[in-house]
Amino acid sequence: QKQPLNQDCIFCKIISGIIPSSKVFENETILAFLDVSPIKPGHTLIIPKGHYENLLDLPEQYYSELIKISQKIGKSIIESGLGTGFNLVQNNFPSAGQVVMHAHWHIIPRNDSDGLYC
Ligand code: 5GP
Ligand code: ZN
């Protein structure tokens, strides 16, 4: 069963449409949208459509969908020329840089000239 949305969570508000976003992909379980302050053009966030704080809380029912959409968006980054590569980044807990406490994947286009971890 799916975790309900949390009315104090910014990503739950994006899921319910209270906060607008530039959607990249959406189905029943997953939403992908552009990061509001992108590291690189095309920087996208992928989230489960249920409120789970971090990877440790995320139930198995989401695993395959999250990888599938990561592949789909990664492929479109390469094919569109936004990047010649991409990073998949997932921060857990504030010490690791997690600011929004709703589990999410960053997918970030990369090019040869970027250097690592720009
Ligand atoms: P974290 O540091 O938690 O891994 O990343 C949170 C990300 O969410 C940041 O990259 C930040 O720019 C993005 N973000 C925060 N608030 C919003 C918002 O209201 N809309 C969108 N599209 N992105 C957001
Ligand atoms: Zn949430």
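Author: A nonpolar core is a set of buried Ala, Val, Leu, Ile, Met, Phe, Trp, Tyr and Cys residues joined through C-beta atoms within 7 Å. The model discussed here is a predicted one.

Reader: Which residues of the largest nonpolar core touch the most other members?

Author: That core has 19 residues, and A32, L45, I46, I47 and I107 are those that touch the most other members. Two or more residues are given to this core by each of α1 (10-16), β2, β3, α2 (63-80) and β5 (105-110). In soluble globular proteins, nonpolar side chains tend to be buried together.

Reader: What does I107 touch, leaving out residues up to four places away in sequence?

Author: With those left out, I107 touches T44, I46, S70, I73, G74, F86 and L88. T44 is also the residue that stands opposite I107, which belongs to β5.

Reader: Why does V24 count as partly exposed?

Author: A residue is buried at 20 or more other C-beta atoms within 10 Å and exposed at 12 or fewer; V24 has 18 such neighbours, and therefore counts as partly exposed. V24 lies in strand β1, and, its neighbours within four places in sequence aside, V24 is in contact with A32, F33, L34, T44 and I73.

Reader: How many bridges join β2 to β3, and how many join β3 to β5?

Author: β2 and β3 (residues 44-48) pair over 5 bridges, in the antiparallel sense, and L34 stands opposite T44 in β3. Between β3 and β5, which also run antiparallel, there are 3 bridges.

Reader: What makes β1 and β4 stand at the edges?

Author: The open sheet of 5 strands has the order β1-β2-β3-β5-β4; β1 and β4 (85-89) each have a single partner strand, so one side of each is left without a neighbour in the sheet. Neighbouring strands of this sheet are turned by 20° against each other on average, direction ignored. α2 lies across β1, β2, β3, β4 and β5, and runs at about 20° to β5.

Methods:
Residues numbered from 1 in each chain as written. Chains lettered and ligands numbered in written order. Predicted model: local features only at pLDDT ≥ 70, side-chain atom pairs only at ≥ 80, totals over all residues. Pairing = 2+ DSSP bridges. Helix = DSSP H or I, 4+ residues; strand = E, 2+ residues; numbered from the N terminus. Contact = placed C-beta atoms within 7 Å. Axes fitted to C-alpha atoms, helices over the stretch in contact; angles between N-to-C directions.
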